[in-house]
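Colleague: I am new to reading structures. Can we go through one together, feature by feature?

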Amino acid sequence: MRLTQLGNQMNDAHPIREILKAKHVRPTELRVSMLSQLFSAERPILLSDFRESFGEVPTSTLYRNLNLLEEFGFIERLNGISGGVRFELTKAYLTPHHHIVCSICGSMLDIQISRDLEYGLSDALRECAGRLRYSYESFQINLVGRCLRC
């Protein structure tokens, strides 16, 4: 996973605190730690990953903070095939990427496609959306297959 310029600037605790404050979000230790974990992650993170990292924190507190970070545009929620919800940074902080998901265990990894393919698909989907009288915003590819473990 590659960070955008803004993502690189935020990839340590001090800028994370400042960005939270700039959006009028109190920079608690838990929020800063959760965002730091997402910045260093190589893949979208499950709630169980956060529970493992912050074992003493109640699950309801983790969800409350994840919802707040999502509401303020720091993270997004990804629904996996097996029902497992994952979290990752929004597109403001990550370079364009997509996901490959295991149809058996639900594991999810980031993948990148060429810039030419990204632009070509975007143009084709924008045209398709226009024909259907939708305003085009973005697209997300989730490839589905079986991982080596399954």
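Modeller: Start with a pair of side chains: His 97 and Glu 88 are joined by a polar contact of 3.1 Å. This is a predicted model, where local features need pLDDT of at least 70, side-chain atom pairs count only at pLDDT 80 or more, and totals for chains, interfaces and linings use all residues. Residues are numbered from 1 along each chain as its sequence is written, and side-chain values use heavy atoms, leaving out hydrogens and water.

Colleague: What is a polar contact?

Modeller: A pair of N or O atoms within 3.5 Å; within protein, one must be able to donate a hydrogen and the other to accept it, and residues adjacent in sequence count only if both atoms are side-chain atoms. His 97 has another, of 3.5 Å, to the side chain of His 99.

Colleague: Is His 97 buried or exposed?

Modeller: Buried means under 20% relative accessible area, exposed over 50%, partly exposed in between (1.4 Å probe, protein chains only). His 97 is buried, because its relative accessible area is 11%. By contrast, Leu 109 is partly exposed, at 46%.

Colleague: Where does His 97 lie?

Modeller: In the loop between strand 3 (85-89) and strand 4 (98-102). Strands are DSSP runs (E, at least two residues), numbered from the N terminus. Leu 109 sits in strand 5 (residues 108-111).

Colleague: How do I read a sheet?

Modeller: Look for pairing: DSSP must find at least two bridges between two strands. Here three strands form an open, antiparallel sheet in the order 1-3-2. Strand 1 (45-46) and strand 2 (75-79) are the edges, each pairing on one side only. Strands 2 and 3 pair over five bridges, and Leu 78 stands opposite Arg 86 in strand 3.

Definitions and conventions: Helices (H or I, at least four residues) and strands (E, at least two) are DSSP runs, numbered from the N terminus.
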